[in-house]
Amino acid sequence: MRTFTIILTAAAAFALTAALGSFFVPFLRKVKYGQTILDIGPSWHKNKQGTPTMGGVMFVIGIFVAVTVGYITYCFYSRDTVMEVQTIQTVRFFAGLLMSLAFGFLGFLDDYIKVVKKQNQGLTARQKLVFQILIGAAYLVMLRLGGDTSTVLIVPFLGQLDLGMLYYPLALFIIVGAVNAVNLTDGIDGLASSVTFVAAVAFMILSAMLRQGEMQILSAALAGAMIGFLVWNFHPAKVFMGDTGSLFLGGMVVALAFGIGLPVLLVLVGFVYFAEALSVILQVASFKLTGKRIFKMSPIHHHFEMCGWSEVKIVTVFSVVTAVGCIIAVVGVRGLL
């Protein structure tokens, strides 16, 4: 019956997200909530000027509804429902969903300021960072108050290490870093959606291996919603997810990694995310220290664009790279069992 729940959740997320596009995309066009293309990207991106943004609302709604349906079905068919509701996994489930919604709301504020208030930069970098730290800290507090007090960091292939109270600042750094890395990945049509779909499938497999039903529900909803969104976001994109979507996705990926108790896996499952973030860090550091750039443009997907790769090729290659990282992660977790 758990298989039925997972299929139902993924199907509901896909159907609702894809269906919402039929109403939401025309609405965004009507109210002229279009993307402003800044000069920091490739010049040919200017032809995307005015493409509706804030489309992330579609899959935020789709995932929330699908997760609700999936969780109710999961509880209905579980034999020991009362016992399961009290587990640490359930705390991680609800805390992770709340964290993702909070990040999504932060992204919505940023998009609203950009699109409605016509302030292209949206929230300042400092404002976003402060809010991200507060959301991440609140998530960790919820976990600890819910009984998730372990400070052991499990590293597949290497072992485990009890960090004590040092675990929490490291965890907060991972949360904020991962969310921003996902945000940077949303730079060309379908990239963040496709990479996140592959990551979601991996987490679905990992949570099944670890027998964590709640995380299976979250990952199934995420995977289904990404396919539903790609109906509208694949090149040439009819709608962009905006920070509403990318920050929410960052929260979901983090929630799944912490939810299965293996945040270190973000390095493998989210290899592309961190490659994107690292390319920006290296580019800025190199230019400030030497006056030279390592890449033709950062994040790294723009570098490949400048090398002549099409958007579809970049999405395909980055998705395959993500799949390879996910396979390594699955092998690593299998070694822990």
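**View 1. Cysteines C326 and C307 in the predicted model.** C326 is buried, at a relative accessible area of 6%. This model is predicted. C307 is partly exposed, and its relative accessible area is 39%. The structure holds zero disulfides. A disulfide would be a covalent bond between the sulfur atoms of two cysteines.

**View 2. Helix α7 against helix α11.** Helix α7 spans residues 191–209, and helix α11 spans residues 271–290. The two pack at an angle of about 140°, and their axes lie 9 Å apart. That angle makes α7 oblique to α11, because only angles over 145 degrees count as roughly antiparallel. On the α7 side, the contact is made by L191, V195, T196 and A199. On the α11 side, V272, Y273 and E276 take part. By class, the contact has five nonpolar residues, one polar and one charged.

View 3. H235 and P236 are joined by a cis peptide bond, with omega near -5°. P236 sits in a loop.

View 4. The bond between S298 and P299 is cis, and its omega is about 0°. P299 belongs to the loop between α11 and α12, with α12 covering 300–306. Most peptide bonds are trans.

**View 5. Positive phi at M54.** M54 is not a glycine, yet its phi is positive, at about 70°. The residue lies in the loop between α1 (2–30) and α2 (56–77). M54 counts as buried, with 4% relative accessibility; the cut-off for buried is under 20%.

**View 6. Positive phi at F157.** F157 is a residue other than glycine with a positive phi, near 80°. The loop that holds F157 runs between strands β1 (152–155) and β2 (159–162). F157 counts as exposed, at 56% relative accessibility. Most residues other than glycine have a negative phi.

**View 7. Residues 80–85 and model confidence.** The protein chain has a mean pLDDT of 89. Of its residues, 91% reach 70 or more. Over residues 80–85, the pLDDT is below 50. This stretch has seven contacts in the model beyond near neighbours in sequence. Where pLDDT is low, predicted coordinates should not be read in detail.

How values were computed. Residues numbered from 1 in each chain as written. Predicted model: local features only at pLDDT ≥ 70, side-chain atom pairs only at ≥ 80, totals over all residues. Heavy atoms only, no water. Axes fitted to C-alpha atoms, helices over the stretch in contact; angles between N-to-C directions. Helix = DSSP H or I, 4+ residues; strand = E, 2+ residues; numbered from the N terminus. Parallel < 35°, antiparallel > 145°, perpendicular 65-115°, else oblique. Contact = heavy atoms within 4.5 Å. Nonpolar A, V, L, I, M, F, W, Y, C, P; charged D, E, K, R; others polar. pLDDT = per-residue confidence, 0-100. Disulfide = S-S within 2.5 Å. Buried < 20%, exposed > 50% of the residue type's maximum accessible area, 1.4 Å probe, protein only.
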